[in-house]
Amino acid sequence: MQNNICFANTTEVGKKILGFVVNDAPRVSFAHNCYYHSRMWETNQKNPYQEEQMWEAPFGYASPGRYSWCGMGNFYFANTEKGTFQEMKNHHRNGTLQVAKIVSISPISMIDLTCDIKGCQTFLNNIRSSAQGNQKVPNEYLIPSYVADCCKFANIGGIKYYGGKDYNNYVTWNHSYFEIKSMKCYKDSDWK
């Protein structure tokens, strides 16, 4: 657990967000037969990633994500293959994309931030904002990363969040809820 939650809990807004996560956020589990997780090949990579390389990045290696601080390797995935393509388009211009089809092997309790929640629309709009500019840690990721900290504090296993009109995204703190069923590599023109 990062120290971020300690400071934020001393503020009125931080206390409200923690209260929302613990007491009011709707809860869901896995509802689809399969999900999809993808990774871009590294520059000059010639062989596909092995299964053990397709999970979350090791501690200290990950870039900041919407629901993770820099260095925290949370596990992001989507409920459609096209959704994972779209997410990668948002962050990468080209390259070989490797996609793992994953299935859940145990239940989970996640908060659901995809639905409208009475009295929370401003909050939901803020955590759904697209990252702007070239900041190392986008300001738009600060509150969502704190929400993830609140989930971890409350022993909530993950977050379901809005991806696009045809798919949802998810994040868990580790990949232990899944097994890989298959993997496939896509060249630029196949996933763009």
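In which helix is tryptophan 191 found? Tryptophan 191 is found in helix α6, which covers residues 188–191. The structure is a predicted model, in which local features need pLDDT of at least 70 and side-chain atom pairs count only at pLDDT 80 or more, while totals for chains, interfaces and linings use all residues. Residues are numbered from 1 along each chain as its sequence is written, and side-chain values use heavy atoms, with hydrogens and water left out.

The secondary structure of the protein chain comes to six helices and eight strands; helices (H or I, at least four residues) and strands (E, at least two) are DSSP runs, numbered from the N terminus. Along the sequence, the pattern of the protein chain is α-α-β-β-β-α-β-β-α-α-β-β-β-α. Of the 192 residues in the protein chain, 45% are buried. Here buried means under 20% relative accessible area, exposed means over 50%, and partly exposed lies in between (1.4 Å probe, protein chains only). The protein chain exposes about 10,700 Å², of which carbon and sulfur atoms supply 48%; accessible areas come from the Shrake-Rupley method with a 1.4 Å probe, and for residues only the protein chains shown count as cover. Among contacts (heavy atoms within 4.5 Å) between residues at least 6 apart in sequence, 75% join residues at least 24 apart.

Tryptophan 191 has a relative accessible area of 1% and is therefore buried. Leaving aside residues up to four places away in sequence, tryptophan 191 touches Met40, Phe85, Met88, Lys89, His92, Asn94, Gly95, Leu97 and Tyr186. Tryptophan 191 and glutamine 98 are 93 residues apart in sequence, and 10.0 Å separates them in space, C-alpha to C-alpha.

Alanine 100 has its place in strand β4 (residues 97–104). Its contacts, not counting residues up to four places away in sequence, are Tyr35, Tyr36, His37, Met54, Ile180, Ser182 and Met183. Alanine 100 and tyrosine 36 are 64 residues apart along the chain, with their C-alpha atoms separated by 5.7 Å.

Helix α2 (residues 12–24) packs with helix α5 (residues 142–153) at an angle of about 55°, and their axes are 9 Å apart. Axes are lines fitted to C-alpha atoms, for helices over the stretch in contact, and angles run from 0 to 180 degrees between N-to-C directions. The angle therefore makes α2 oblique to α5, given that angles under 35 degrees count as roughly parallel, over 145 as roughly antiparallel, 65 to 115 as roughly perpendicular and the rest as oblique. In this pair, Gly14, Lys15, Ile17, Leu18 and Val21 of α2 meet Ile143, Tyr146, Val147, Cys150, Cys151 and Phe153 of α5. The residues of this contact divide into nine nonpolar, one polar and one charged. Ala, Val, Leu, Ile, Met, Phe, Trp, Tyr, Cys and Pro count as nonpolar, Asp, Glu, Lys and Arg as charged, and the others, Gly among them, as polar.

Positive phi values were also computed for two asparagines. Asparagine 44, in the loop between β2 (35–40) and β3 (75–78), has a phi near 70°, a positive value in a residue other than glycine. Asparagine 44 is exposed, with a relative accessible area of 67%. Asparagine 155 lies in the loop between α5 and β6 (158–164) and has a positive phi of about 60° although it is not a glycine. The relative accessible area of asparagine 155 is 71%, so this residue is exposed.
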